[in-house]
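Keep the sequence and the model in view while reading.

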Amino acid sequence: AGVYYERKSTESEERQAFSLEDQHKVNVKVAERYEIKMREHFSEAKSARKRGRPLFNKMIDGIERGKYQVVVTWALNRLVLYSVDGSLLIELLDEAKLFAIITPGKVYYNSADDKLLLAIEFGLSKKYSDDLSPTVKRGMESKVKRGWWPGAPKTGYRNFKQDNSEPIQVVDLERFNLLRQAIDLF
């Protein structure tokens, strides 16, 4: 029996709004292709950078108790960004408590080659995650130095993009005057 596992990185509703649903659609097709009887579906909006994902932990507990033998996931980085979690999944394969981890592109079994590939993939996911924060900060600082406000426009302004140039913030003609009036009344 198998378990679906989907994860998005943020709990915010508007960010990555369709991510979990899209992952699940792909996972269902993968399970059907391999004719796996799916027992449960875990879909969580939680960062995988630290320990403590409730549904991931529940899935691991189910694997250890023999409830699930197969995990179907859209991508390995949905399962693991934290080293301990990756090691735990590899250990469950070693102990034959987990039969396979299935993604749309590959099935990972309890073989030396597959466990090596999993360790490498989990390591690459961790590296990508670690590199992302300084990369984003550098990009934001670069935008500020070029005079562009990084992120959402300030209240009363909107982003305006002309041709292939970077967006600039301009006065939002609908809201700026209302905001100005509100401030003056205050």
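A residue counts as buried under 20% relative accessible area, as exposed over 50%, and as partly exposed in between. Asp-130, at 35% relative accessibility, is therefore partly exposed. The model is a predicted one.

An open sheet is built from 5 strands, ordered 2-1-3-4-5, with mixed pairing. Its edges are strand 2 (38-45) and strand 5 (107-108), each of which pairs on one side only. Strand 5 is joined to strand 4 (residues 100-102) in the antiparallel sense, over 2 bridges. In that pair, Ile-101 sits opposite Tyr-108 of strand 5. Helix 2 (residues 54-64) lies across strand 1 (2-8), strand 2 and strand 3 (70-73). Helix 2 runs at about 155 degrees to strand 2.

**Helix 5**

Helix 5 covers residues 112-145. Its 34 residues should span 50 Å at 1.5 Å a residue, and the end C-alpha atoms are 50 Å apart, so the two values agree. The helix bends by about 30 degrees at Leu-132. A proline, Pro-134, follows within four residues. Just after helix 5, Gly-147 adopts a positive phi of about 90 degrees.

Which residues of helix 5 are buried? They are Asp-114, Lys-115, Leu-118, Phe-122, Ser-125 and Ser-129. Their cover includes helix 3 (76-79), helix 4 (83-94), strand 4 and strand 5.

**Salt bridges**

Side chains of opposite charge can pair when their charged atoms come close. The structure holds 12 salt bridges. Three of them are tabulated here.

| Pair | Closest N to O |
|---|---|
| Lys-67 and Glu-40 | 3.3 Å |
| Asp-130 and Lys-126 | 3.0 Å |

Lys-67 and Glu-40 form a salt bridge. This pair links distant parts of the chain, 27 residues apart: Lys-67 is in the loop between helix 2 and strand 3, and Glu-40 is in strand 2. Lys-67 is partly exposed, at 29% relative accessibility. Glu-40 is also partly exposed, at 21%.

Arg-49 is partly exposed, with a relative accessible area of 36%.

Asp-130 and Lys-126 are 4 residues apart in helix 5, which means about one helical turn separates them. Lys-126 is partly exposed, with a relative accessible area of 24%. Arg-49, Lys-126 and Asp-130 are linked in a network of salt bridges.

Methods: Residues numbered from 1 in each chain as written. Predicted model: local features only at pLDDT ≥ 70, side-chain atom pairs only at ≥ 80, totals over all residues. Heavy atoms only, no water. Pairing = 2+ DSSP bridges. Contact = heavy atoms within 4.5 Å. Axes fitted to C-alpha atoms, helices over the stretch in contact; angles between N-to-C directions. Expected span 1.5 Å × (residues − 1). Bend = angle between axes of the 7 residues up to and from the residue. Buried < 20%, exposed > 50% of the residue type's maximum accessible area, 1.4 Å probe, protein only. Salt bridge = Lys/Arg side-chain N within 4 Å of Asp/Glu carboxyl O.
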